[in-house]
Amino acid sequence: MGAPVSQTQDDVRVFIGVIGDEDTTLGFLLAGIGETKILPTKNYMMVTNDNSVTDVEKFFVTLYQNSNIGIILVASDIWHYLLPAYNGMIKRKLPIILEVPMKCTMTTPLKLKEREVVKRKTEIEAKP
């Protein structure tokens, strides 16, 4: 096993924070964004029905104020709850906040695309 990771004064790494539903957060955790050894708190929040909007806002503010966080990924359905809190904050260059689509918001466009492809194929096959 490798040596444990430790932070030095010269450490200039920035981390990614995630606030999302279970599928979105789990996907990013599997990709390796979870950090618990260097940061004072975890850098992700898996939002469920048990979480209040206030809890999610507090976590978002904590991530936003953490100088080690360079990007915050927020699931699209959760972002509209955080937008009022974000609009009241002093804006900084970092962290960059990105809204990411959730699995449930992607299925409709994908289904429409699939229908369009099938329609084109049937039109081409119908022409002699």
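Mentor: With a definition: buried means under 20% relative accessible area, exposed over 50%, and partly exposed in between (1.4 Å probe, protein chains only). This is a predicted model, in which local features need pLDDT of at least 70, side-chain atom pairs count only at pLDDT 80 or more, and totals for chains, interfaces and linings use all residues. Residues are numbered from 1 along each chain as its sequence is written, and side-chain values use heavy atoms, with hydrogens and water left out.

Trainee: What percentage of the residues in the protein is buried?

Mentor: The protein has 128 residues. Of these, the buried ones make up 30%.

Trainee: In what order do the elements run from the N terminus?

Mentor: Helices (H or I, at least four residues) and strands (E, at least two) are DSSP runs, numbered from the N terminus. There are 4 helices and 4 strands. From the N terminus on, their order is β-α-β-α-β-α-β-α.

Trainee: Which residues does Ile78 contact, leaving aside neighbours within four places in sequence?

Mentor: Contact means heavy atoms within 4.5 Å. On that basis, the partners of Ile78 are Ile19, Gly20, Asp21, Val47 and Val56.

Trainee: At roughly what angle do the axes of α2 and α3 cross?

Mentor: Axes are lines fitted to C-alpha atoms, for helices over the stretch in contact, and angles run from 0 to 180 degrees between N-to-C directions. In α2, Val53, Val56, Glu57, Phe60 and Tyr64 meet Ile78, Trp79, Tyr81, Leu82, Ala85 and Tyr86 of α3. The two axes come within 10 Å, and their crossing angle is roughly 65 degrees.

Trainee: Is Thr24 buried or exposed?

Mentor: Thr24 sits in helix α1 (residues 22–30). Not counting residues up to four places away in sequence, Thr24 touches Val100 and Met102. Because its relative accessibility is 10%, Thr24 counts as buried.
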